[in-house]
Amino acid sequence: MTTGSYIGISTMKPCSRILSSYKSSSLFGSSTTKFNGSGNKGLLPRSHNPKSTHRHRYLSCDTQIVGFIRLINPNRRDFSVSDSNWACSRSFSTRFCDSIGSFRPRVVSLIPNVASDIRNHSTSVDSHVNDSSFDKIYIQSGLNTKPLVIERIETEERSDGSNVNIDSLEDLNKSKVESELSAIEKDAWKLLRGAVVTYCGNPVGTVAANDPADKQPLNYDQVFFRDFVPSALAFLLNGEGEIVKNFLLHTLQLQSWEKTVDCYSPGQGLMAASFKVRTVPLDGSNEAFEEVLDPDFGESAIGRVAPVDSGLWWIILLRAYGKLTGDYALQERVDVQTGIRLILKLCLTDGFDMFPTLLVTDGSCMIDRRMGIHGHPLEIQALFYSALRCSREMLTVNDATTNLVAAVNNRLSALSFHMREYYWVDMKKINEIYRYKTEEYSMDAVNKFNIYPEQIPSWLVDWIPEEGGYFMGNLQPAHMDFRFFTLGNLWAIISSLGTTRQNKEILNLIESKWDDLVAQMPMKICYPALESEEWRIITGCDPKNTPWSYHNGGSWPTLLWQFTLACIKMGKPDLAQKAIDVAEKRLSVDRWPEYYDTRNGKFIGKQSRLMQTWTIAGFLTSKMLLKNPEKASLLFWEEDYELLQNCVCLLNKTGRRKCSRFAARAQILV
């Protein structure tokens, strides 16, 4: 028999099985509820993935259980770590260990043995990426853990001796800053709250779209990781942290599920693309029901592609939760620390690639259909860089994580240098490419990727301004994708992936090309669109990604909040306000569409869902960021002058060439 570890849980509110019927719905003094036939309150989670949805009414449970829960079940895996932080003598007080399995009114929170102060300081560690201890981060097979959410811990002692007052977060379902709002903002808040999904009586996310008139919601009735981020920020900025905390913990539990596409299982640490709360009969009964979380790891996606960005967004959101609530105890929990480490291990695993960028396939991010972004797309690299910087702040530093922290530092340095040196495009760089020599084999080659000058598109020369530039969409051997991808460039600013000069020039380009990238609805997901034969070959004649529609040059209002954050960082809030004013004129009137079509964003997308949640949340988050620039400053990063000083260049170890530390420093000081 396989046994599992014990995890300390503080003031839990798990679900319990409840037998009910319509006739006895008032037995427990609770009214029946229904949410789109999927997410109902008060039902028990179970660790399998049902394939059907049962529409019934159910009762909510309100049982509080405090103590230890043993993690045993044959269908799931538990989290295991290679160090001894699980031991009672190191992680728990003696009093806590003596009361295993008992019910108590208070329980000491489980916090890693050594807490890191890395959120306040830069860390530089020598590289031991391939050390065996780094490979010992694993999930032991054979166990099944049910998603559990900490409801409330009145006061937790931080590892630095200070206290985090969680009581300040308890009134999480009430509006805190909704006074003095415009009618449009009030309507947006009402719609956002209407999109909330509950699981066992607790809010856990928001559906992608919540249009009552939509008779074929497809997967828009699910909670998507990337879609929930603007919703989460809206709630956090409004002083409501419960839903975000629940989301982070429940999705963390889904990370340990077995995942298969046909007969193949992807790597450990993969986060789901989305999940849905389903209700199913309990043990074949027609009167007893339970709630289950049904995750999608890509096996049901359009192209059956695993989401690379979900884990990156999860880490970014975890940091944002700590910054905006002050509840750093969540990120210090052993299960959360292990989740971070598993994601990093998946991303930092050695492979055949020679570059520090992540190699991914089409459809693995926001652009989830074939659009010619396979390889090393900018969006993934910018989010990867952001997630690494988040992890650098949040990782607990001890003997088991020292090498992982070193690997993160080294990858940050290499990735930053690589992106700034090879992905950047401005008029000077185009002139260099125009004069490239090809077929260069030496170590001193200028044209390192064997780019042929004929690849420079005709539209680019006339489009790029003299005082502007951007990070190109992709770079591979003999291939440069010169399209402007908005999300990646905005996150390059937010995370300081680009230099200060480069960040300024990105906004200069957006401002000078306003009619192309914003026009009547912010903002274009990419520019320009693929057309004619290029569209047929690259998209496979995708009828949804026709020119200037959806991912192929469509306008996505959800990008507004990221544009606002980038503008605030660079001292241009007026530019963000200009974009918000453009959006505010139409979004409510058009019923909050998912995206807009045509070159200037004039028409509502031909297949656009209405009441799209991340459109609503993106608008609200943008408004609140402008009203609270001090909170906005918690969500972006300033330049870290140590990163490029620690540039990982293996050539200096071979004796063939010295590491270009002076070149790296020049890049960072521009």
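**Rings, core, strands and buried residues**

Reader: Are Trp556 and Tyr595 buried or exposed?

Author: This is a predicted model, in which local features need pLDDT of at least 70 and side-chain atom pairs count only at pLDDT 80 or more, while totals for chains, interfaces and linings use all residues. Residues are numbered from 1 along each chain as its sequence is written, and side-chain values use heavy atoms, with hydrogens and water left out. Buried means under 20% relative accessible area, exposed over 50% and partly exposed in between, with a 1.4 Å probe and protein chains only. On that scale, Trp556 and Tyr595 are both buried.

Reader: How many aromatic pairs does the count come to?

Author: Rings of Phe, Tyr and Trp (its six-membered ring) pair if their centres lie within 6.5 Å, and planes under 30 degrees apart count as stacked, over 60 as edge-to-face and the rest as tilted. Under this rule, the number of aromatic pairs is 22.

Reader: What kind of pair do the rings of Trp463 and Tyr470 make?

Author: Trp463 and Tyr470 are buried, and they belong to one aromatic cluster together with Trp459, Phe484, Tyr527 and Trp548. Because the planes of the Trp463 and Tyr470 rings stand at 80°, with the centres 6.2 Å apart, the pair is edge-to-face.

Reader: How far apart in sequence are the parts that the pair of Trp556 and Tyr595 ties together?

Author: The two rings have their centres 5.5 Å apart and their planes at 25°, so Trp556 and Tyr595 are stacked. Helices (H or I, at least four residues) and strands (E, at least two) are DSSP runs, numbered from the N terminus. Trp556 lies in the loop between helix H16 (532-539) and helix H17 (560-569), and Tyr595 in the loop between helix H18 (573-584) and strand S17 (596-597), so the distance in sequence between the parts tied together is 39 residues.

Reader: Over which ring does the charged end of Lys578 sit?

Author: A charge sits over a ring if NZ of Lys or CZ of Arg is within 6 Å of the ring centre and within 35 degrees of the ring normal. The charged end of Lys544 lies over the ring of Tyr550, 4.3 Å from its centre. For Lys578, the distance to the ring centre is 4.5 Å, and the ring is that of Trp514.

Reader: Which residues touch the most other members of the largest nonpolar core?

Author: A nonpolar core is a set of buried Ala, Val, Leu, Ile, Met, Phe, Trp, Tyr and Cys residues joined through side-chain atoms within 4.5 Å. Contact means heavy atoms within 4.5 Å, and, leaving aside neighbours within four places in sequence, Trp314 is in contact with residues including Phe225, Leu248, Met271 and Ile343. The largest core holds 160 residues, and those that touch the most other members are Trp314, Trp491, Ile510 and Phe563.

Reader: What arc do the buried residues of helix H11 cover around its axis?

Author: In helix H11 (residues 427-434), the buried residues are Met427, Lys429, Ile430 and Ile433. With the arc taken from the directions of the C-beta atoms as seen from the helix axis, these residues lie on the same side of H11, because they cover an arc of only 160°.

Reader: How many residues of strand S12 are buried?

Author: S12 is joined to strand S11 (residues 274-281) by 8 bridges and runs antiparallel to it, with Thr279 opposite Glu291. Both faces of S12 are covered, with Val292 among the buried residues on one side and Leu293 among those on the other. For strand S12 (residues 288-296), the count of buried residues is 9 of 9.

Reader: What is the C-alpha to C-alpha distance between Leu625 and Trp561?

Author: Leu625 lies in helix H19 and counts as buried, at 0% relative accessibility. Beyond its neighbours within four places in sequence, its contacts include Trp561, Thr564 and Ile568. Leu625 and Trp561 are 64 residues apart in sequence, and their C-alpha distance is 8.0 Å.

Conventions: Pairing = 2+ DSSP bridges.
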